[in-house]
Amino acid sequence: MGNAPLTLNPGERGANPDRPHPGMVIEAGGPQPGKPPSNAATAGIARALTRGMPRRRNRQRMSKPVSICVIGSGYVGLVAAVCFAEMGHQVTCVDNDEAKVRTLCQGGVPIYEEHLPELLAKRLGQGVSFTTDLGGAVERSEAIFIAVGTPQGDTGAADLSFVEAVVSEIARSINGYKVIVEKSTVPVYTNEWISRVLHRHGVEPQSFDVVSNPEFLREGTAVIDFLHPDRIVVGANSERAADVLRRIYEPLTGGSYYTQPGALPGACSAASPARLLVTSAQSSEIIKHASNAFLALKISFINAVANLAEAVDGDIEDIAAGIGMDSRIGPKFLRAGLGYGGSCFPKDVAAFHWVAQQQGVDFQLLQEVRKINETQRDVFFNKVRAALWTLRGKRLAALGLAFKGDTDDIRESPAIDVIKKLLEAGASVTAYDPAAMERAAEALPATGKMSYAAGIYEAAKDADAVLILTDWKVFGELDLVRLNQVVRFPIVIDGRNLYRPEEMLEHGFTYVSVGRPASYQAQQGKPRRMVL
Ligand code: NAD
């Protein structure tokens with residue numbers, strides 16, 4: 001198939017955005033002709049089309065398994081490898097980190113992710129294996145998924161050196177037609193660069209196709225997200241390659257996975273299977289960057305509104321509820337707090353801005369999204385200082401180190417950033433996190449001022465203030481009576497809005513949160529409210 005440019009049908013602009021437009025192709029699991037899609041909002045946004053690609057009917061039988069190689073066994077690669085095996089494929093997962101591969105071969109899971117240990121135990125040697133031998137894995141595979149890191153480079157652009165290194169290695173082992181799949185998040189035109197590198201290494205054009213298949217999983221719910229996706233996006237400039245990806249995902253798009261014994265329950269089912277959207281490779285690459293940038297934008301937007309709410313004595317929780325009840329907006333990603341972090345949003349916003357710049361497109365909005373996010377950490381730091389007057393010599397309990405709850409990932413974590421600032425200002429910090437302490441200890445080694453506790457109340461013991469930095473569920477379920485007993489002063493500064501101010505006040509705490517007036521427990525007399 002050629003790489004035909006996307007066109008809109010006449011009369012399409014201004015049409016009801018909840019209806020699929022006439023040329024829209026969502027394959028298996030998509031809207032039935034003449035019927036609105038089950039998730040109208042999502043389907044209405046989809047505008048990427050392929051011409052000449054046959055629309056598939058739902059099938060509940062498993063097509064022939066595909067031999068798959070996944071390169072990279074991190075949050076994305078490992079989850080993808082184990083889930084592909086669970087879907088019935090033969091998977092070899094490759095990593096150049098020998099220690100990691102050794103752990104995985106013994107059934108150990110190097111990351112904290114729900115359902116992963118059980119699935120790995122079930123599929124190890126029964127569909128998935130691990131190796132450092134990239135060449136051997138490529139030779140015996142039909143589809144090769146690249147899932148290595150694409151960190152932020154100095155200019156904001158994604159650093160594609162890991163991808164390039166892997167492609168050069170793949171080139172040496174191509175022994176027949178292979179579909180090379182970009183699973184890593186990469187800038188537009190990476191598919192062309194991969195093709196170019198393969199050509200330079202003397203690989204014949206008919207021996208491969210490069211396909212974009214971005215991953216939308218979220219850490220913490222990665223396995224369920226993978227097996228019950230909102231959508232699967234395949235960006236293919238060749239019909240032959242798109243067909244291989246259709247075969248790979250058929251257990252999800254045809255629904256057979258959802259009826260298999262032991263299938264994990266989630267949003268998809270045999271009656272409402274996963275939807276697969278086929279686009280050009282460039283569109284698919286942009287879909288991933290644009291999706292992450294849009295989610296980051298929602299977070300920065302609500303944080304900017306939170307700062308305004310705080311200035312006028314409003315309540316951001318009420319405001320966010322009121323905004324989110326609009327079905328065009330939706331309630332997700334409207335949680336005010338310390339801002340986004342992690343290995344994706346910060347670097348993807350920067351990379352998307354860089355991509356736009358390279359194409360001569362002025363996308364200043366993305367700079368603003370980043371700026372608001374960075375400022376939010378300073379806003380929080382200033383709240384801690386305002387609540388304690390001075391920080392030097394103060395003893396603070398930090399609840400949370402991971403960039404969000406349900407993960408051990410501390411990359412670009414706002415919690416780590418805030419703790420570093422507090423230590424620099426002369427405070428001492430005792431931190432606790434249910435899963436991220438081991439990783440955090442590498443970035444923030446225990447010293448005289450920095451220490452780690454084995455539990456929440458141990459961290460809070462004798463603290464001048466307790467800071468909530470990560471939205472772990474357990475931090476929202478504290479025994480407030482016990483907490484009040486162990487701290488030196490009952491002050492909670494909550495960067496994640498896990499409590500109602502009235503509840504904290506009732507339990508005798510001075511409570512400072514985001515986008516809401518601080519509730520101040522006076523030492524004597526009636527409690528009063530304080531605006532910082
Ligand atoms: P990660 O750092 O957790 O894992 C990358 C893995 O690749 C590591 O285990 C590393 O050892 C391995 N690796 C690096 N070079 C290699 C080589 N030459 N050969 C073999 N293995 C090699 O990264 P991640 O979080 O899984 O992210 C991978 C990609 O997926 C990134 O582009 C990221 O933006 C994207 N992504 C991540 C998430 C997420 O939530 N983490 C979600 C969607 C997309």
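Residues are numbered from 1 along each chain as its sequence is written. In this predicted model, local features require pLDDT of at least 70 and side-chain atom pairs pLDDT 80 or more, totals for chains, interfaces and linings draw on all residues, and side-chain values rest on heavy atoms, with hydrogens and water left out.

The ligand is surrounded by 26 residues, the closest being Asp95, Lys100, Thr150, Glu219 and Lys347; a residue is counted if one of its heavy atoms lies within 4 Å of the molecule. By class, this shell holds 9 nonpolar, 9 polar and 8 charged residues (Ala, Val, Leu, Ile, Met, Phe, Trp, Tyr, Cys and Pro count as nonpolar, Asp, Glu, Lys and Arg as charged, and the others, Gly among them, as polar). At least two shell residues come from each of α2 (75-86) and α6 (161-171), helices being DSSP runs of H or I with at least four residues and strands runs of E with at least two, numbered from the N terminus.

Polar contacts are pairs of N or O atoms within 3.5 Å; within protein, one atom must be able to donate a hydrogen and the other to accept it, and residues adjacent in sequence count only if both atoms are side-chain atoms. A polar side-chain atom of Lys100 lies 2.6 Å from a ligand oxygen atom. A backbone N or O atom of Val76 is 2.9 Å from an oxygen atom of the ligand, and one of Asn96 is 3.3 Å from a ligand nitrogen atom. Of the 840 Å² of accessible area that the ligand has on its own, the protein covers 89% (Shrake-Rupley method, 1.4 Å probe).

By the aromatic-pair rule (ring centres of Phe, Tyr and Trp, the last by its six-membered ring, within 6.5 Å; planes under 30 degrees apart stacked, over 60 edge-to-face, the rest tilted), the count is 9 pairs. Tyr112 and Trp472 form an edge-to-face pair, with 5.9 Å between centres and 70° between planes. Tyr112 lies in the loop between α3 (98-105) and α4 (116-123) and Trp472 in the loop between β12 (465-468) and α18 (480-486), so the pair ties together parts 360 residues apart in sequence.

At the start of α3, a side-chain oxygen of Asp97 comes within 3.2 Å of the backbone nitrogen of Ala99. Just after α3, Gly107 adopts a positive phi of about 90°.
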